[in-house]
Amino acid sequence: MNSRRLALTFGSLLATGTLLTACGALPGTGEEEGAVTVWLMRGSASEDFLKRFTQDFEARHDGITLDIRIQDWTGIGPKVTKALDARHDGESGAPDVIEVGNTQVPGYVEQDGLLDLSLEAARDLGMHDWLPGLAEPGVDSSRQYGIPWYAANRVVVYNKDLFRQAGIDRPPTTRAEWLDVTRTLNSGGTQGIYLAGQDWYTLSGFIWDEGGHLAKQTSGVWSGTLATPAALRGMAFYRQLQELGGGPKDADEEHPPQAEEFARGDIAQIISVPGATQRILQKNPELKGKLGYFPIPGKTAGRPGTVFTGGSDLVVPANTDDRNGAVEVVKALAGEKWNTDLARTMNYVPNKTTLAGAVAGEPGVAAMAVGAAHGKATPGSPLWPNVESGSNPIKEYMSKVLAGGDPATEAKRASREITRRLDERS
């Protein structure tokens, strides 16, 4: 996942932007000689947070200055690839720490361009409490290269008025209850849920809940696995839920934008990140105070549904000329104090399950944190972007099944295409 696809705005444009140093310098003031250069993505942290962090970090680390450079998501891949090339070691502005999308880490590991941070992860950063959807993409051959920073994931955004009018006084906590509630809501001109037919991130969660996978690696070879019984059960549940509303069967959640559809006021639920609320209220301010959130239900009340986790990891290029300084920055940003501060400031999910209480006062983020404890990321193949690019075979599979196609047949066809795209020889 890439996190840049989430509506919480984890992405924007390419270019080096704001430069923050010890005195909170504005853009264009030049770079500090010998500073630890940190590339962070636009929108990931507020300017005020970065100023506070910089001042505190430099006060606690005598002799280390920070050169924080803001990057944009669009086009960042080639720029990071170049920065990780050992031949560019020592170039002006070369990063010592980089924020990357959690699902991007496997591709950068494949370049052999990242520092192994396993020791720091175990000794200093409490890795056993990390959110799995952030931590797992950062691992290769039992070595930790990506350090979890922050997360976001989908929840159910619902219209409290429509729930109340239908006599529903609390959100559902199991899949079966969710279907019953949605059927009740889906009447009298109200859509029980608006679920686009190609929302494959949501489908992924249902497949994972059943014990299935999108793709799996066996003896070093990746294969699509949508045709397994577990994965087919996940698709069957998606089909049941999708039928309880008027979402298009041949489009994803942004065509048309589901937040704008929800804003009409006749849709009871959508599956989205809480940040979609801003877009909803821009279209229909009368819904202010009428929106609620609950975690995507799981098969039992004791465990919420598995969700796709988007967000960011921190990595250190192997060609850094200040390993110690870079590691200290990562430890500080990913440590409890500043990770909690970031989560509260930006309404993110902290990087550890044990820090979920830090966002308990924000209903949408609290609902995300419940789901994030059981989150996952897309398959760890460095070639996974090949699956998502162009005509995504998972989306095509979903539309064909929802249009009446045989699930097993269509799943086998899609799995073959996923396998082909993950084949390094292709």
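The largest cavity has a volume of about 50 Å³. Keep in mind as you look around that this is a predicted model.

**Stop 1: the cavity**

How many cavities of 30 Å³ or more does a search of the whole structure find? The search finds one. The lining divides into four nonpolar residues, three polar ones and one charged one.

**Stop 2**

Next, select residues 155-159, which form strand β8. Together you have an open sheet of three strands, in the order β11-β8-β12, and the pairing is antiparallel. Turn the view slowly and look for the twist, which averages 30° from one strand to the next.

**Stop 3: strand β8 and its partners**

With β11, β8 pairs in the antiparallel sense over four bridges. For one place to look, select Val156, which stands opposite Ile271 in β11.

On the other pairing, β8 and β12 are also antiparallel, with four bridges between them. Here you can pick out two places. Val157 has Tyr293 of β12 as its bridge partner, and Asn159 stands opposite Leu291, also in β12.

While you have the side chains on display, here is a general idea to carry with you: in a regular strand, side chains alternate between the two faces of the sheet.

Is β8 largely enclosed or left open by the rest of the structure? Show the surrounding residues and take a look. Five of the five residues of β8 are buried, so the strand is largely enclosed by the rest of the structure.

**Stop 4: Glu410 in a helix**

For the last stop, select residues 407-421, which make up helix α17, and find Glu410 within it. Is Glu410 buried or exposed? Its relative accessible area is 12%, and because buried means under 20%, Glu410 counts as buried.

Which residues is Glu410 in contact with, leaving aside its neighbours within four places in sequence? Select Tyr397, Lys400, Val401 and Gly405 to see these contacts of Glu410.

Key. Residues are numbered from 1 along each chain as its sequence is written. This is a predicted model: local features need pLDDT of at least 70, side-chain atom pairs count only at pLDDT 80 or more; totals for chains, interfaces and linings use all residues. Side-chain values use heavy atoms; hydrogens and water are left out. Two strands pair if DSSP finds at least two bridges between them. Helices (H or I, at least four residues) and strands (E, at least two) are DSSP runs, numbered from the N terminus. Axes are lines fitted to C-alpha atoms, for helices over the stretch in contact, and angles run from 0 to 180 degrees between N-to-C directions. Buried means under 20% relative accessible area, exposed over 50%, partly exposed in between (1.4 Å probe, protein chains only). Contact means heavy atoms within 4.5 Å. On a 1 Å grid over the protein atoms alone, a cavity is a set of points where a 1.4 Å probe fits but cannot get out, and a pocket is an open set with protein on both sides within 12 Å along at least five of seven lines; lining residues have an atom within 4 Å of a point. Grid points are joined across faces, edges and corners, and a volume is the space filled by probe spheres set on the points. Ala, Val, Leu, Ile, Met, Phe, Trp, Tyr, Cys and Pro count as nonpolar, Asp, Glu, Lys and Arg as charged, and the others, Gly among them, as polar.
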